[in-house]
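Please look over the sequence and the model shown below before reading on. The paragraphs after it are meant to be read with both in view.

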Amino acid sequence: MSFRNRPEKPNTFASCRAESIITDARNELKNPARRLLGKRILTLGGIAMLSGCDLSNDKSVNSMLRKMSSFNDDVQALLFNPNMLAPTYPESIITRPFPFNAFYDIDEVPEVDVATYRLQVSGLANGKRVWTLGELRALPQHSQITRHICIEGWSAIGRWDGVRFAEFLKRAGADITAKYVSLHCADNYWTSIDMPTALHPQTQLTLGYDGQTLPPKYGFPMKLRMPTKLGYKNPKHIVAISVTNEYPGGYWENQGYNWFGGS
Ligand SMILES: Nc1nc2c(c(=O)[nH]1)N[C@H]1C(S)=C(S)[C@@H](COP(=O)(O)O)O[C@H]1N2
Ligand SMILES: [Mo]
């Protein structure tokens with residue numbers, strides 16, 4: 001398969017069978033010169049593009065895409081290098097104002113009360129299970145200026161301030177041999193990440209944006225910032241964290257977005 005031969009119109013179902021798409025994708029990945037392309041393109045949208053198929057309407061194709069997505073997750077997890085840092089940028093190119101995005105409009109941003117806010121830790125952890133905002137603010141703080149990339153087709157550079165998530169997990173007594181960390185939000189959004197990403201040095205429990213307290217629209221009181229992940233993997237307004245070996249999925253991931261979601 002090559003892009004030159006990519007048909008203009010969606011293929012008929014016969015040439016869009018699950019097995020043939022998976023074979024094509026595996027062949028793409030075997031070719032070392034294309035490996036990076038494979039990494040970039042093997043999203044659900046990418047597979048549709050690669051195959052020239054209209055994958056949206058057919059039930060068997062949809063169930064194939066689920067299988068393909070977990071294959072894709074495995075491949076992406078293998079390509080993820082826990083020591084590789086996402087690029088950082090100078091203050092002079094911070095995007096202001098920073099875009100807002102959520103599955104609702106800006107006037108519906110949840111209001112979280114500082115006085116009653118508690119971060120709950122559950123699952124495979126034997127440390128402190130309930131954290132106040134004051135306790136999170138008392139942990140060692142770091143800043144990062146990194147690029148946030150949204151799958152909807154925009155990206156922006158911002159500065160985020162907070163605690164290294166690895167440091168927080170250590171203090172919470174998290175079992176770092178567990179597979180997943182799930183993150184639950186005040187707006188009922190949720191997502192989950194693999195443990196190597198949770199421990200990545202740029203994965204940040206974020207309390208501040210651009211030198212101020214994290215504003216409500218960007219996730220007050222706390223979000224998880226991961227420059228190694230696409231925007232939808234960066235949950236805002238986090239109220240509960242769970243360390244688990246059971247696959248937790250996520251709000252968008254359960255609707256077909258790729259779970260690994262590397263940027
Ligand atoms: N709680 C919560 N977190 C969320 C979302 C959401 O709808 N609810 N949307 C995600 C998506 S798709 C993006 S692009 C970013 C947007 O973050 P921003 O408003 O700080 O730019 O938040 C992510 N985290
Ligand atoms: Mo997004």
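What follows moves from the sheet to the charged pairs and then to the aromatic rings.

This is a predicted model, in which local features need pLDDT of at least 70 and side-chain atom pairs count only at pLDDT 80 or more, while totals for chains, interfaces and linings use all residues. Residues are numbered from 1 along each chain as its sequence is written, chains are lettered from A and ligands numbered from 1 in the order in which they are written, and side-chain values use heavy atoms, with hydrogens and water left out.

Strands of a sheet pair through backbone hydrogen bonds, either parallel or antiparallel. Here five strands make up an open sheet with mixed pairing, in the order β2-β1-β10-β5-β6, where strands (E, at least two residues) and helices (H or I, at least four) are DSSP runs numbered from the N terminus, and two strands pair if DSSP finds at least two bridges between them. The edges are held by β2 (130–131) and β6, and because each has a single partner strand, one side of each is left without a neighbour in the sheet. Further in, strand β5 (residues 180–185) runs antiparallel to β10 and is joined to it by six bridges; within this pairing, His184 stands opposite Ala240 in β10.

The charged side chains come next. The whole structure contains six salt bridges, a salt bridge being a side-chain nitrogen of Lys or Arg within 4 Å of a carboxyl oxygen of Asp or Glu. One of them joins Lys229 and Asp194, with 3.8 Å from N to O. This pair links distant parts of the chain, since Lys229 lies in the loop between β9 (223–225) and β10 (238–244) and Asp194 in strand β6 (residues 190–194), 35 residues apart. Lys229 is buried at a relative accessible area of 2%, and Asp194 also counts as buried, at 10%; buried means under 20% relative accessible area, exposed over 50%, and partly exposed in between, with a 1.4 Å probe and protein chains only. Another salt bridge brings together Glu253 and Lys233, 2.8 Å from N to O, and it too links distant parts of the chain, with Glu253 in the segment after β10 and Lys233 in the loop between β9 and β10, 20 residues apart. Both Glu253 and Lys233 are buried.

A salt bridge with partly exposed members is formed by Glu135 and Lys128, whose closest N and O atoms are 3.1 Å apart: Glu135 is partly exposed at 30% relative accessibility, as is Lys128 at 33%. The charged end of Lys128 also sits over the ring of Trp131, 5.3 Å from its centre, a contact that requires NZ of Lys or CZ of Arg within 6 Å of the ring centre and within 35 degrees of the ring normal.

The aromatic rings complete the tour, with 19 aromatic pairs in the structure; rings of Phe, Tyr and Trp (its six-membered ring) pair if their centres lie within 6.5 Å, and planes under 30 degrees apart count as stacked, over 60 as edge-to-face and the rest as tilted. Phe98 and Trp160 are edge-to-face because their planes stand at 85 degrees, with the ring centres 5.3 Å apart. Both Phe98 and Trp160 are buried, and the charged end of Arg225 sits over the ring of Trp160, 4.3 Å from its centre. Elsewhere, Phe103, Tyr104, Tyr189, Tyr232, Tyr251, Trp252 and Tyr257 form one aromatic cluster.
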